[in-house]
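Here is a short report on one protein model. Keep the sequence and the 3D view open while you read.

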Amino acid sequence: MANVVVVGAQWGDEGKGKIVDWLSERADVIARFQGGHNAGHTLVIDGEVYKLHALPSGVVRGGKLSVIGNGVVLDPWHLVSEIETLRGQGVEITPATLMIAENTPLILPIHGELDRARESQNSVAKIGTTGRGIGPAYEDKVGRRVVRVADLADQTTLELRVDRALVHHDALRRGLGLDPVDRDALIAKLKDVAPAILEYAAPVWKVMNEARKAGKRILFEGAQGALLDIDFGTYPFVTSSNVIAGQAATGVGMGPGSIDFVLGIVKAYTTRVGEGPFPTELEDDDGQRLGERGHEFGTTTGRKRRCGWFDACLVRQTCATSGVNGISLTKLDVLDGFETLKICVGYELDGETLDYLPTAADQQARCTPVYEEMPGWSESTEGARSWADLPANAIKYVRRVEELIDCPVALLSTSPEREDTILVRDPFAD
């Protein structure tokens, strides 16, 4: 039985929530391995809409263990609020169904304040951060001054961690014109939330390795998309963690041999939220139509997503850097009714043709897409559950995507409902 990693293979918002939920029925353990509550998943189950940010998608399924791994940065107050919201929707969440790694770094209010202050005062180039403190929390983790979940259990340790962090943060705040941090108020706030977090704390690395030895099926859930990876994304317009599949093992405390299948989630067109390069972006009626039909607004921020044609070059890159074994192609139904579809098959840069997006930001900005056109289809693909339900031109489009990205389709999603999924290859069967 395979253990499966799910990663976004574009700039996020590819529909990972639905696919993870669909796969979670086959899994025993669902683990988040990176990111923070700046990412969001929307699940639609029997007409009920669940919006998740910090919690793994598996929490809405009974009988599953959901895990928040050490690769995540966690806002404890947001988590408590999210748990209460889901409980109000009838979802049962207990220490038997949710575990948080004891070495998970915490996002503090000072991180969000720093995030927003730097973005508002950045006169050079805004990154497009959500302002939720994810980047500064990861900075503190690497700088060895972060507060971790385990620190909440001992007041002396907690105070030492806070004091170490404030030496750094108060100096930054002075430079940004912010008042010093109220140390005692911050410590009191952490002590107040501690019991609600510590009841879920566990040695996740141990639990995960024991689950693997016992033959449990593990689903590793990533946030955002590979093009936002701190190393392989469109830097500096990226997130602050590694998003690609290699992070899955590190982010929960397992070896790389624990990964058997990597499923890349790919939207049938391309979207992006925030700043940064986007070679196939459309600012015409087609782009507007994609946004309206696809309801392209961020789960977390509500920001309108930028829309464009499918970029096969970028997806081929992310399939390579994440070692993707198969993709889940989502939102095919959004393309219904287009007379002509375009796929980016390369870039023109200074008179040369490239089959990849270069690393240098100035070169990325000068890249223009080379398109291949395909006939669209007038029939509806919404709700299709078999190849026989798809128009011939839709099948041709899917097959051409497979060829261009050098990776097969494992799943095909035709609506937000979990049942509207065509299974081509079961990742857990590998």
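## Strand 1 and its partners

Strand 1 and strand 9 (residues 261-267) run parallel and are joined by five bridges. Strands here are DSSP runs of E with at least two residues, helices are runs of H or I with at least four residues, and both are numbered from the N terminus. Two strands count as paired if DSSP finds at least two bridges between them. Val4 stands opposite Phe261 in strand 9.

Strand 1 also pairs with strand 8 (residues 218-221), in the parallel sense, over three bridges. Here Val4 has Leu219 as its bridge partner. Val5 stands opposite Phe220 of strand 8.

This is a predicted model: local features need pLDDT of at least 70, side-chain atom pairs count only at pLDDT 80 or more, and totals for chains, interfaces and linings use all residues. Residues are numbered from 1 along each chain as its sequence is written, and side-chain values use heavy atoms, with hydrogens and water left out.

## Buried or exposed?

Is strand 1 enclosed or open? Five of the five residues of strand 1 (residues 4-8) are buried, so this strand is largely enclosed by the rest of the structure. Buried means under 20% relative accessible area, exposed means over 50%, and partly exposed lies in between (1.4 Å probe, protein chains only).

Both faces of strand 1 are covered. Val4, Val6 and Gly8 are buried on one side. Val5 and Val7 are buried on the other.

## The sheet around it

## Backbone details in the loops

Which peptide bond is cis? The bond from Tyr235 to Pro236 is cis, with omega near 5°. Pro236 is in the loop between strand 8 and helix 8 (247-250).

Asp350 is not a glycine, yet its phi is positive, at about 50°. Asp350 lies in the loop between strand 14 (340-349) and strand 15 (352-354). Asp350 is exposed, with a relative accessible area of 56%.

Asp406 also has a positive phi, near 60°, and is a residue other than glycine. Find Asp406 in the loop between helix 12 (392-405) and strand 17 (409-413). Asp406 is exposed, with a relative accessible area of 67%.

## The whole protein

Now step back. The protein has 12 helices and 18 strands. Its radius of gyration is 22 Å, close to the 22 Å that the globule rule gives for 430 residues, so the protein is as compact as a globular protein of that length. The radius is taken over C-alpha atoms, and the rule is 2.2 Å times the number of residues to the power 0.38. Along the principal axes, the C-alpha atoms fill a box of roughly 65 × 50 × 40 Å.

Buried residues make up 56% of the 430 residues. Take the contacts (heavy atoms within 4.5 Å) with a separation of 6 or more: residues 24 or more positions apart account for 76% of them.

The protein has 46 positive and 62 negative side chains. Lys and Arg count as positive, Asp and Glu as negative, while His and the chain ends are not counted. The centres of the two sets lie 4 Å apart, with each charge placed at NZ of Lys, CZ of Arg, CG of Asp or CD of Glu.
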